Amino acid sequence: MASAAVKPLLGYTILYVTDVDKAAAFYAAAFGYAVRRLDQSHKWAELESGATTIAFTPLHQRETDGLSGQVQLPDAAGARGPVEICFIYEDVDAAYRRAVENGAVPVSAPEQKPWGQKSGFVRDMDGNVVRIGSHVRE
């Protein structure tokens with residue numbers, strides 16, 4: 001068992017985007033979050049999302065590209081990156097409609113899955129896949 005000093009806490013989910021301001025505004029409108037912080041440099045934004053912060057930063061920035069590598073985007077139109085973000089809602093259909101009405105690109109409409117979750121998928125303006133789902137019901 002890990003001691004409290006080395007037990008991790010998920011602090012951030014960071015999305016690399018082409019326009020930090022537009023991404024923060026889009027996620028606020030499409031998914032119902034409030035913007036907590038928009039840095040004056042326009043290189044960082046955060047949403048008010050509970051225990052784990054959802055943050056946005058530019059695709060390329062000299063401060064981190066040399067340290068951790070450059071972000072690589074999928075090179076095919078239907079391709080997706082290796083990470084997906086999932087937002088949980090009580091009313092998945094209403095959340096999906098709101099996302100699409102606010103500019104999300106529909107990928108697949110919500111449907112009941114065999115594992116007990118209702119979910120649908122959209123893409124944001126940078127092609128990031130967002131799952132709009134319910135909690136898994138057993």
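Student: Which residue in β4 does L47 stand opposite?

Tutor: I54. The model is predicted: local features need pLDDT of at least 70, side-chain atom pairs count only at pLDDT 80 or more, and totals for chains, interfaces and linings use all residues. Residues are numbered from 1 along each chain as its sequence is written, and side-chain values use heavy atoms, without hydrogens and water.

Student: What makes β3 and β4 a pair?

Tutor: Two strands pair if DSSP finds at least two bridges between them. Here 3 bridges join β3 (residues 45-48) to β4 (residues 53-58). So they pair, and they run antiparallel. A strand is a DSSP run of E, at least two residues; a helix is a run of H or I, at least four; both are numbered from the N terminus.

Student: Why do β1 and β2 stand at the edges of the sheet?

Tutor: The open sheet has 4 strands in the order β1-β4-β3-β2, with mixed pairing. β1 (12-17) and β2 (34-38) each have a single partner strand, so one side of each lacks a neighbour in the sheet.

Student: Which helix packs on this sheet?

Tutor: Helix α1 (residues 20-31). Contact means heavy atoms within 4.5 Å, and α1 touches β1, β2, β3 and β4. Its direction makes about 150° with that of β4. Such angles run from 0 to 180 degrees between N-to-C directions; axes are lines fitted to C-alpha atoms, for helices over the stretch in contact.

Student: What share of the residues is called buried?

Tutor: Buried means under 20% relative accessible area, exposed over 50%, partly exposed in between (1.4 Å probe, protein chains only). By that rule, 35% of the 138 residues are buried.

Student: How many helices and strands does the chain have?

Tutor: There are 3 helices and 8 strands. Along the sequence they follow β-α-β-β-β-α-β-α-β-β-β.

Student: How far does the C-alpha trace span along its principal axes?

Tutor: About 45 × 45 × 30 Å.
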